[in-house]
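Have a look at the model first, then read on.

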Amino acid sequence: MGVWTYGFAVSGGLCVNGVFVCTALLRYNFLMKISAKETLGQKSTRASEIAKRLIRMYKRRKTVLDFGSPWECLVAVQLSAQCTDKRVNLVTPALFKKYKKIGDYALAPISELEKMIRSTGFYKNKARNIKAAAGKVVADFNGVLPSEMEDLLTLPGIARKSANVILFNAFDIISGVAVDTHVMRITKLLGLISKGAVGKPEKIEKELIELLPKKYWALFSLLITEHGREICIARRPKCGECRVRDLCEYGSTIKV
Ligand code: SF4
């Protein structure tokens, strides 16, 4: 067992291979490891430690978007693009009340749909995609939203990020790592992804899948997003308050 197989945290320190190590020494050790040429195995251990800490730091385990069925989850996820979850949750109650079945969305006049979701932004595209997706679910999947990644990807407006979110939140299926703007930005700061993957969601997801055990895939994405809203805020990350700073490539090199 190497130094990267740290055990568990206790007050003021950790138990490493049965030996108590104070947190200050551990932090130094992580800093040394990040600054040195990190192997894939070491990076994988660091990624898992980040995931574990995020799980301890944040209580959230599922999306904050409100929905009552897998289809409604898809609608809420579509509406959340470039929009706050809070705004989506204000819009969906009336929408879900008016359109009860998937077929109702397929038959809805586009102008009516647009009017109901207007405040979420990009409403023309969103209305068109939701209506077209409903039509496809009715035509190709007997009116039941599929729970397979490859089937979801055939629906208009659904890419891997949305499909991962829908599968986890509506079906409890862990299929991959949903890569949104927070995940793109913060995994770069953490030094978890390669230079070639920067700005490329599918490559980032592939690299994170290689680094993290499957049990962390969905939560990592969810909690990194939470961290991006609370602490690692775009353009003004609060590194001084960050509890994964010693594991972060960017944070461990700056003075706060
Ligand atoms: S140390 Fe700073 S840059 Fe790194 S994750 Fe924390 S807030 Fe973000």
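What follows is a short tour, from the overall fold to a few local spots.

## The big picture

Keep in mind that this is a predicted model. The protein chain carries 12 helices and 3 strands. Of its 256 residues, 36% are buried. Looking at contacts with a separation of 6 or more, 55% of them join residues 24 or more positions apart.

## Around the ligand

The ligand has 14 residues around it, and the closest are C232, C239, C242, C248 and G251. Sorted by class, that shell comes out as 11 nonpolar, 1 polar and 2 charged residues.

## Two helices side by side

In general, a packed helix pair is described by the angle between the two axes and the distance between them. Here, take α3 (residues 70–79) and α7 (residues 123–140): their axes come within 10 Å and cross at roughly 160°. An angle over 145 degrees counts as roughly antiparallel, so that's how α3 and α7 run relative to each other. Their crossing is right-handed.

As for who touches whom, α3 brings L74, V75, Q78 and L79, while α7 brings K126, N129, I130 and A133. By class, that makes 5 nonpolar, 2 polar and 1 charged residues in the contact.

## A spot after α12

A234 sits in the segment that follows α12 (217–230).

Key
Residues are numbered from 1 along each chain as its sequence is written. This is a predicted model: local features need pLDDT of at least 70, side-chain atom pairs count only at pLDDT 80 or more; totals for chains, interfaces and linings use all residues. Helices (H or I, at least four residues) and strands (E, at least two) are DSSP runs, numbered from the N terminus. A residue is buried if 20 or more other C-beta atoms lie within 10 Å of its own, exposed if 12 or fewer, and partly exposed in between; C-beta atoms are placed from the backbone. Two residues are in contact if their C-beta atoms, placed from the backbone, lie within 7 Å. A residue is near a molecule or strand if its C-beta atom, placed from the backbone, lies within 6 Å of it. Ala, Val, Leu, Ile, Met, Phe, Trp, Tyr, Cys and Pro count as nonpolar, Asp, Glu, Lys and Arg as charged, and the others, Gly among them, as polar. Axes are lines fitted to C-alpha atoms, for helices over the stretch in contact, and angles run from 0 to 180 degrees between N-to-C directions. Angles under 35 degrees count as roughly parallel, over 145 as roughly antiparallel, 65 to 115 as roughly perpendicular and the rest as oblique. A crossing is left-handed if the near helix is turned anticlockwise from the far one by less than a right angle, and right-handed if clockwise.
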